[in-house]
Structure formats: C-alpha cells, structure tokens
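Here is a friendly note to read with the structure open beside you.

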Number of protein chains: 2
Amino acid sequence: MSETEKKHREIDALGEFGLIETLTKDANLKNPSTLKGVGDDAAEIEISAKESILLSTDMLIEGVHFNLSYVPLKSLGFKAVSVNVSDILAMNAKPEQITVSLGISSKFPVEALEELYKGIHAACEFYNVDLVGGDTTSSSSGLLLSISITGRAAKKNICYRSGAKENDLIVVTGDLGTSYLGLQILEREKGVFLENPEIQPKLDGYDELIKKQIQPIARQDVIDTFNEIGLVPSAMIDISDGLASEALHIAKASECSVSIYSEKLPITEKVILTADELNLDPYMCAMNGGEDYELLFTVSQKDYDKIKNHPSFSVIGFVTDKSQDSLLIDKNNSAVRISAQGWKHF
Amino acid sequence: MSETEKKHREIDALGEFGLIETLTKDANLKNPSTLKGVGDDAAEIEISAKESILLSTDMLIEGVHFNLSYVPLKSLGFKAVSVNVSDILAMNAKPEQITVSLGISSKFPVEALEELYKGIHAACEFYNVDLVGGDTTSSSSGLLLSISITGRAAKKNICYRSGAKENDLIVVTGDLGTSYLGLQILEREKGVFLENPEIQPKLDGYDELIKKQIQPIARQDVIDTFNEIGLVPSAMIDISDGLASEALHIAKASECSVSIYSEKLPITEKVILTADELNLDPYMCAMNGGEDYELLFTVSQKDYDKIKNHPSFSVIGFVTDKSQDSLLIDKNNSAVRISAQGWKHF
C-alpha cells in the first residue's frame with residue numbers, strides 16, 4: 001500500500017466520531033458564555049444566570065442521507081427540520097429558531113424547491129419553530145441541506161450525555177428498528193423497479209415503517225411529559241445512529257457502562273415480521289438501525305414511579321460501573337459486548 | 001422552449017435574492033423571542049430586555065465559492081470563519097460561537113482536513129470566537145463547508161439594513177475591488193498554467209490583491225472603533241456581493257435611494273494599475289467585484305465629525321428620497337442608475 005493510499009484510508013479508520021475528535025481537539029473555548037462546546041447533541045450558550053440557548057446543526061446530502069427517487073421533497077423538508085429539533089429536545093430544551101442553507105443544482109425547478117419548503121414550513125408550524133435565515137447557493141451535484149437550530153431552557157433542566165450514574169435506569173421512547181426497516185423496504189422496491197419498471201412497488205402494509213423513515217416525528221411530546229411529571233433525566237441523547245451507538249455515547253460521556261436487555265427492547269410485531277421477511281435479526285435492527293429519532297435517557301431509580309406504566313417509555317436496562325463491559329443481555333442471560341455499528345457515511 | 005425548460009430557467013430568472021424571497025415568504029414567526037427573521041445579515045433573538053443574540057449562516061461549496069487548485073486549505077478555513085464573522089459585525093455585534101459542518105469525499109486525506117481546521121482554529125483565536133459544534137459527513141463531490149455563527153449585542157447598538165434616513169451619509173471601510181482583482185490574477189495564472197505547466201505563475205507584486213481574496217479579514221476593528229467613538233450607524237451591511245448590490249439592499253430595506261460618487265470610492269493605485277493591465281474598469285471592480293468583506297454603513301450628518309479623517313472610513317455618497325433612482329455619479333456629474341450585478345451563483 002502506497003503512502004497516499006494509507007492517508008486516504010485514514011478517514012475510514014477514524015470513523016465520523018474519531019474524525020470529529022481529531023479535528024476539534026484544538027478548539028479552545030474563550031467566551032465565558034460558552035458553557036458547552038463540541039460533544040453533546042447541542043452546544044450550550046449562557047444567556048442569564050438561569051437560562052441558556054442551545055445550538056445544533058445537521059447537514060443532509062443527496063445520495064448520502066436521502067434518495068430523491070423515493071423521498072417526496074415535502075417529506076424531506078419536514079424530516080430535515082425534525083432531525084434538528086430532535087437534537088434540541090435531547091437537551092431537554094424547547095426548539096425556537098432555525099436557519100436553512102440550501103445547495104441546489106440549477107436543473108432544480110423552482111416548483112420542486114417550493115415543495116421542499118412546504119415541508120420545512122409545515123414542520124416549523126408543527127414544532128412551533130421560526131425559520132429566521134439561511135443561505136442559498138448552487139451545487140454541482142444534487143441537493144444539500146444544512147440546518148442550524150437554536151433552543152432555550154432553564155439551566156436546571158438541561159440534560160447532557162454526561163450525567164448518567166451507576167444504577168440509573170436506561171429508558172427509551174417509542175419503538176426501535178422501525179425506520180431502518182422502512183428504508184430496507186424502500187430499497188428493495190427500488191431495486192425491483194430498476195430491474196423491471198413494469199412491476200409496481202409493493203409498499204402496502206409497510207406504512208408505519210415507511211412513514212417513520214420518510215417523515216419521522218421528533219419527540220416534543222416526551223419533553224412536555226417530563227415537564228408535566230416533574231422529571232429531569234440524568235442523561236439524554238436522541239437516537240439518530242442506532243441505540244447501540246447512542247448508549248455508548250452516554251456511557252463514554254458519563255464514564256460508566258450500560259447493560260441492556262434484548263427482551264426489553266420496544267420492537268413492534270410489524271418490525272419482527274418484516275425483519276423475518278427480509279432475513280434480518282429484529283434485535284440487530286433495533287440496536288443498530290438508525291434514524292428512529294426516539295429519545296434515550298437515564299433516570300435515577302428513585303424516579304422510577306414517575307415513568308413506570310407510561311405508554312411511551314420502556315425501561316431497557318441500567319447503568320453499570322465503567323470497569324464492566326457495556327452488554328446486551330438476552331433472555332437466556334447470555335451477554336454480548338455492545339459495539340456501535342451506527343451509520344458509516346465514509 | 002418546452003415546459004420543462006421553462007421551469008429549469010426559473011431559478012436563473014429569480015436570482016438568489018428572488019429565490020430566497022419566494023421560498024421564505026410563508027415563514028411565519030411564532031416565537032416572541034424572534035425579533036428579526038430573514039432579510040438582514042443575521043437574525044435577531046431576544047435574550048433579555050436589553051440584549052439579543054444574532055444568528056447567521058453561510059455555505060461554501062468547492063467549485064462554486066473556492067477552487068482548491070489555488071486556495072490553500074488553511075486559508076480557506078480562515079476565510080470561511082471570516083465570512084461568517086463579517087455577517088455578525090454587520091449587525092454591530094460581537095461574534096461569539098460557531099458551528100462547522102463539513103461534507104468531504106473519502107478521498108480527502110485526514111492531513112488535509114487538519115490543515116483546514118488549522119485555519120478555522122486560527123480564525124477562532126483571531127476573532128475570539130469559540131468552535132462549539134458541527135456535523136461531518138461524506139460528500140460525493142468535493143468539499144462543502146457550512147458554518148453558523150452567533151453574536152451578541154446590546155439591543156440599542158444593533159444595526160439593521162433598514163435604518164437609513166434621507167440625507168444620511170454613506171460610508172465604506174477600507175478599499176474596494178481588491179479581492180475581485182486578486183481572483184482575476186489567480187484565474188489568469190491558473191489558465192496559463194493549464195495551457196503550459198512549465199510556465200511558473202506570476203503572482204509577485206499582486207500580494208495585497210491575492211491576500212484579500214484568499215484570506216480576507218473581517219472588520220472587527222471597525223466595530224471596536226464605533227464603540228470607542230460612540231457611534232451607532234443608522235444602517236449597516238457587509239460587502240460580500242459587491243458595493244452596488246449591498247447599497248441597493250440598504251436602499252430597499254430602508255425605503256430610500258442612494259447617490260454614490262465614483263470619485264469618492266476608495267480604490268488603491270494597485271487596483272487601478274491591475275484593472276488597467278486586465279482591461280477592466282476599476283470603478284466597475286469597486287462597484288461589482290465581490291468578497292471585499294468591508295462594511296458599508298450610513299450615518300446621520302450630525303455624526304460626521306465622529307467619522308471624518310478616520311483612515312478606515314470613506315464617505316462615498318448620501319441617502320436620497322425613494323422617488324429618485326439610485327445613482328452612481330462620475331466626476332463630470334453624469335449619472336448612471338446603479339444595478340446590482342453581484343455574484344450570480346446560478
């Protein structure tokens with residue numbers, strides 16, 4: 001292998017998170033208002049003794065994050081906002097403003113952009129967020145969307161990845177693997193269509209999977225519930241790259257490990273049936289399928305009464321000492337070490 | 001012309017600003033903290049009775065905004081931050097935090113990204129700004145950089161594009177056309193090199209032009225000066241797309257017109273000589289060359305004493321009633337209507 005090839009391989013070897021660490025390790029925080037920089041779902045900027053602004057950003061690239069051959073533009077616009085809103089919710093904060101930067105090839109008709117913005121505006125209405133700025137430029141290759149978002153919260157309510165304590169319960173909202181299987185169905189039908197355009201795609205019966213892939217809803221309702229029941233999770237993160245990856249983020253930031261019970265994972269019957277149909281393991285879909293945009297959080301055991309029996313919450317495990325491995329434990333009590341597959345963009 | 005072709009032409013016909021207007025006209029501001037949305041150099045978010053946060057974003061795309069064949073990556077990193085800082089300064093605010101999102105092809109060696117980030121970190125040090133977050137993803141085509149920035153200011157100091165009043169003086173900082181001519185020299189030498197790689201590029205003697213193109217410095221010193229001399233401009237904008245375009249933005253937002261005197265434009269001898277060498281009109285370079293990242297502002301005539309004789313400031317004209325045309329007036333007193341050529345990305 002030549003020197004050049006070695007260098008070209010390095011991004012793959014580092015992975016996205018390693019790359020971010022490498023590039024931002026020299027970031028030196030100088031402003032006293034910067035309470036939290038790189039390393040959580042959003043940065044935290046102090047605005048008063050009691051309140052902070054949260055700031056986050058996400059970039060979506062055609063062919064990497066979405067495929068316009070089966071994602072309607074309006075849904076893409078809605079999803080792009082949801083993905084950003086989810087980052088602010090993961091800090092237990094209220095999303096408020098977004099900016100939208102757009103790279104488009106000149107072949108894009110204005111009507112298509114208007115369709116995209118219909119989705120963006122609809123999401124802004126849904127989440128009560130204001131579109132306040134952006135940038136529009138040409139792109140030589142497909143559609144690029146870069147959204148930044150601000151949120152606001154009382155400091156005492158903000159949740160970081162780093163607050164989990166040994167014996168805390170690990171809780172996840174909604175169900176897992178759904179979005180990933182939606183994507184697999186869309187890819188399968190696209191493959192069939194490319195081989196024979198006469199054959200109509202078979203999407204009937206997969207609506208709940210496809211809907212969650214194409215237009216996921218960020219869990220603002222969960223943040224409202226926390227507020228109502230007076231709960232501040234000890235740590236929180238949103239599930240964009242898969243449960244395994246996110247649980248390990250919390251473990252790393254909190255200097256602890258996690259034990260997760262596969263039997264406790266919230267997996268719908270539809271996910272089990274579809275995984276079976278596609279020869280996939282539903283537990284792997286739940287652990288490593290991405291884009292669920294559910295929330296993963298930890299709570300002190302004393303808060304168990306507040307969350308038990310809530311239909312949106314599943315207790316899936318607990319926080320362990322960092323001297324242990326992070327484990328996925330099955331119904332026979334055999335354990336495997338959790339490794340993050342997540343999404344590999346590189 | 002087919003229907004499809006008609007549609008494809010529409011983005012060109014609308015132009016960047018028309019497109020932004022079309023896409024954001026349905027943006028409905030719902031949060032009381034949103035004091036200013038789309039339409040200025042930055043959005044304004046209220047954080048207390050006396051203070052606001054400013055938020056802006058810019059996207060830079062390889063082959064559209066920069067050419068890696070002659071822009072060193074470190075300079076590109078520095079410039080990307082400067083461009084964003086300039087938007088916050090144009091609101092008369094102090095830049096504080098940035099997020100950097102990156103799209104890269106996997107062929108990019110990590111060393112090249114580290115070089116880019118050296119420039120980003122150097123600019124953060126220079127402007128006293130904190131890098132607090134971002135996103136990193138793969139791109140199928142070249143390098144993409146999307147930066148968002150926050151700033152902070154006392155509300156009473158914030159300058160909008162909309163505050164210019166009839167008879168206000170129009171003032172510009174530094175000199176104009178420099179960056180544009182730097183780009184022309186780089187393009188010329190690249191052309192020569194492509195035709196005959198044996199010929200060394202002739203860049204000697206053009207340093208000030210090339211430096212301003214490759215690594216412009218946002219005018220934080222000017223904002224400090226305003227603070228020292230107790231001046232709050234009535235309107236302000238930064239010059240990214242060319243003086244003509246920016247002056248018309250102020251005129252439109254302030255519902256007025258402008259008269260600018262070509263003899264008053266700050267043009268260096270080097271710009272005149274280089275324009276002559278390249279068969280360009282130096283006044284056109286000053287009016288329509290982009291990327292100067294100087295500040296264009298208006299002040300009440302009663303503030304003239306505060307700015308006269310300052311080496312960074314040139315009074316270039318005055319604000320007129322909107323019933324008049326916006327004019328560029330030459331030394332013989334003949335006037336032409338100002339039209340914005342600006343940068344056409346589409």
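1. Helices (H or I, at least four residues) and strands (E, at least two) are DSSP runs, numbered from the N terminus. In S11(B), Thr320(B) is the residue opposite Ser257(B). Strand S9 (residues 257-261) of chain B and S11(B) are antiparallel and share four bridges.

2. A word on what you are viewing. This is a predicted model, in which local features need pLDDT of at least 70 and side-chain atom pairs count only at pLDDT 80 or more, while totals for chains, interfaces and linings use all residues. Residues are numbered from 1 along each chain as its sequence is written, and chains are lettered from A and ligands numbered from 1 in the order in which they are written.

3. Let us begin with chain A as a whole. It has ten helices and 13 strands. Its C-alpha trace spans about 55 × 55 × 50 Å along the principal axes. The radius of gyration (taken over C-alpha atoms; the globule rule is 2.2 Å times the number of residues to the power 0.38) is 21 Å for chain A, which agrees with the value near 20 Å that a compact globule of 346 residues would have.

4. Next, the inside of chain A. Of its 346 residues, 52% are buried. A residue is buried if 20 or more other C-beta atoms lie within 10 Å of its own, exposed if 12 or fewer, and partly exposed in between, with C-beta atoms placed from the backbone. Two residues are in contact if their C-beta atoms, placed from the backbone, lie within 7 Å. Among the contacts in chain A with a separation of 6 or more, 83% join residues 24 or more positions apart.

5. How are the two chains related? The same surface serves both copies, as 100% of the contact residues of chain B recur in chain A.

6. Which residues make the contact between the chains? Chain B gives 69 residues and chain A gives 69 residues. Among the elements of chain B that each supply at least two residues to this side are helix H1 (3-24), helix H3 (110-127) and strand S5 (130-138). H1(B) provides the largest share, twelve residues. The side of chain B that touches chain A has 26 nonpolar, 30 polar and 13 charged residues. Here Ala, Val, Leu, Ile, Met, Phe, Trp, Tyr, Cys and Pro count as nonpolar, Asp, Glu, Lys and Arg as charged, and the others, Gly among them, as polar.

7. Now look at the six-stranded sheet of chain A. This open sheet is mixed in its pairing, and its order is S1-S2-S3-S6-S4-S5. Strand S1 (34-36) and S5 of chain A are at the edges with a single partner strand each, so one side of each has no neighbour in the sheet. From one strand to the next the twist averages 20 degrees. Strand S4 (residues 94-104) and strand S6 (residues 144-154) of chain A run antiparallel, joined by nine bridges, and Ser101(A) is opposite Ser146(A) in S6(A). Helix H2 (residues 73-89) of chain A packs on this sheet and touches strand S3 (51-61), S4 and S6 of chain A, with its direction at about 30 degrees to that of S6(A). Axes are lines fitted to C-alpha atoms, for helices over the stretch in contact, and angles run from 0 to 180 degrees between N-to-C directions.

8. S3(B) and S6(B) are antiparallel over eleven bridges, and Thr57(B) has Ser148(B) in S6(B) as its bridge partner. Strand S7 (residues 169-173) of chain B pairs with strand S11 (residues 313-320) of chain B, antiparallel over five bridges. There, Val172(B) has Ser314(B) in S11(B) as its bridge partner.

9. Finally, two loops. Most residues other than glycine have a negative phi. Asn128(A), in the loop between H3 and S5 of chain A, has a positive phi near 55 degrees. With 13 C-beta neighbours inside 10 Å, Asn128(A) is partly exposed. Asp281(B), between helix H8 (269-277) and helix H9 (282-288) of chain B, is exposed because it has 12 such neighbours inside 10 Å.

Technical notes. Two strands pair if DSSP finds at least two bridges between them.
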